[in-house]
Amino acid sequence: MLLGEYEHTIDAKGRLAMPAKLRESLGGKFIITKGLDGCLFVYDMEQWQKLEQKLSALPMSRKTARDFTRFLFGGACEGECDKQGRVLLPANLRAHAGLEKDAVIVGVGSRAEIWDAGRWNEYNEENAEDVSELAEQLADLGI
């Protein structure tokens, strides 16, 4: 399980240090792809395969299924940390998430998310009041 919030900087070559706790959970190789809400999603290989199976089961006759599959798989790349624990974030993924220097890596259970630090702070400010409402809606679903 991926948990916690970590602040790191992206170097001039586009490398980001992955926290040791997250590296252990992600394994030697993992998948980085475009995420929702302006961040990147990071999946270990097992979670990625589960997601791939679910998406491949969707009917390709549905435009929403085709669009989301293109979005997720088209933007994906395999990540691997170097000896210093850094992963190279490709330019297209950095552009998608607005990542330039300061980043926040957030463990959210089955995946990690990589956010531009400013965007992460804005997201939290905008959604702080909605958390109670979300909790009530999830309670209605039995969570």
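Across the whole structure, a search finds 7 salt bridges, a salt bridge being a side-chain nitrogen of Lys or Arg within 4 Å of a carboxyl oxygen of Asp or Glu. The model is predicted, and local features need pLDDT of at least 70, side-chain atom pairs count only at pLDDT 80 or more, and totals for chains, interfaces and linings use all residues. Residues are numbered from 1 along each chain as its sequence is written, and side-chain values use heavy atoms, with hydrogens and water left out.

View A. Lys63 and Asp67 form a salt bridge with an N to O distance of 2.7 Å. Both residues belong to helix α3 (residues 63–74), where they sit 4 residues apart, about one turn of the helix. Helices are DSSP runs (H or I, at least four residues), numbered from the N terminus. Lys63 is exposed, at 51% relative accessible area, whereas Asp67 is partly exposed, at 31%. In these terms, buried means under 20% relative accessible area, exposed over 50%, and partly exposed in between (1.4 Å probe, protein chains only). A network of salt bridges links Lys63, Asp67 and Arg70.

View B. Glu46 and Lys50 are joined by a salt bridge, and their closest N and O atoms are 3.6 Å apart. The two residues lie 4 residues apart in helix α2 (residues 45–56), about one turn of the helix. Lys50 has a relative accessible area of 40% and is therefore partly exposed.

**View C. Salt bridge between Asp82 and Arg86.** The side chains of Asp82 and Arg86 form a salt bridge at 2.9 Å, N to O. Asp82 is partly exposed, with a relative accessible area of 28%. Arg86 also counts as partly exposed, at 23% relative accessibility.

View D. The whole structure holds 7 aromatic pairs. Rings of Phe, Tyr and Trp (its six-membered ring) pair if their centres lie within 6.5 Å; planes under 30 degrees apart count as stacked, over 60 as edge-to-face and the rest as tilted. Trp115 and Trp120 make a tilted pair, 5.3 Å from centre to centre and with 55° between the planes. The pair of Trp120 and Tyr123 is stacked, because the ring centres are 6.0 Å apart and the planes are at 20°. Trp120 and Tyr123 are 3 residues apart in helix α5 (residues 117–127), so about one helical turn separates them. Trp115 is buried at 2% relative accessible area, and Trp120 is buried at 9%. Tyr123 is partly exposed, with 31% relative accessibility.

**View E. Aromatic cluster.** Phe41, Tyr43, Trp48 and Phe73 together form one aromatic cluster.

**View F. Negative surface patch.** Glu129, Asp130, Glu133, Glu136 and Asp140 form a negative surface patch. Patches are made of residues with over 30% relative accessible area and no salt bridge, like charges being joined within 9 Å and nonpolar side chains (Val, Leu, Ile, Met, Phe, Trp, Tyr) within 5 Å. Asp and Glu count as negative and Lys and Arg as positive, while His and the chain ends are not counted. Glu133, one of the patch residues, lies in helix α6 (residues 130–140). Glu133 counts as partly exposed, at 49% relative accessibility.

Key:
Areas by Shrake-Rupley, 256 points an atom, 1.4 Å probe, with all protein chains shown as cover. Charge placed at Lys NZ, Arg CZ, Asp CG, Glu CD.
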